[in-house]
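Hello,

Here is the structure you will be working on. Please open it first, then read my notes below.

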Amino acid sequence: MYCLSYAPLYSAVRSPNPYASLSGPQWIIYFPVNWMYDHTYLKKPLSAWAAIWGVEDDFLNASSNRRELVWQPSTKREIDEMLEDHSKK
């Protein structure tokens with residue numbers, strides 16, 4: 001259920017704001033889904049599910065951006081800070 005909630009939630013957020021993106025601390029909870037999308041055979045079914053919700057292109061673009069991302073220590077630190085900030089809320 002968790003994996004399948006990503007596309008509909010993103011679609012709902014994107015609907016009033018077409019410039020919404022899949023980056024930011026609010027989406028960190030879906031990091032495991034992003035990993036599955038990028039590294040397992042689930043990419044095709046998750047893409048099909050995203051297409052039903054009208055956000056397949058956004059998912060494909062985000063995946064492409066993640067592949068280009070080079071993980072530096074500062075990036076990990078930023079993620080740790082986002083997680084810390086999010087847990088305080």
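Start with the largest nonpolar core. Twelve residues make it up: Tyr6, Ala7, Tyr10, Trp27, Tyr30, Val33, Met36, Tyr37, Leu46, Ala50, Val55 and Phe59. A nonpolar core is a set of buried Ala, Val, Leu, Ile, Met, Phe, Trp, Tyr and Cys residues joined through side-chain atoms within 4.5 Å. Buried means under 20% relative accessible area, with a 1.4 Å probe and protein chains only. Helices α1 (2-14), α2 and α3 each give two or more residues to this core. Helices here are DSSP runs (H or I, at least four residues), numbered from the N terminus.

A word on the source. This is a predicted model, where local features need pLDDT of at least 70, side-chain atom pairs count only at pLDDT 80 or more, and totals for chains, interfaces and linings use all residues. Residues are numbered from 1 along each chain as its sequence is written, and side-chain values use heavy atoms, leaving out hydrogens and water.

Next, Ala50. Leaving aside residues up to four places away in sequence, Ala50 touches Ala7, Val55, Glu56 and Phe59. Contact means heavy atoms within 4.5 Å.

Now look at Asn34, in helix α2 (residues 31-39). Is Asn34 buried or exposed? Asn34 counts as buried, because its relative accessibility is 10%. Not counting residues up to four places away in sequence, Asn34 touches Tyr6 and Arg66.

Last, a helix pair. The axes (lines fitted to C-alpha atoms over the stretch in contact) of α3 (residues 43-52) and α4 (residues 56-68) come within 7 Å. They cross at roughly 140°, on a scale from 0 to 180 degrees between N-to-C directions.

Best wishes

Note on methods
Buried < 20%, exposed > 50% of the residue type's maximum accessible area, 1.4 Å probe, protein only.
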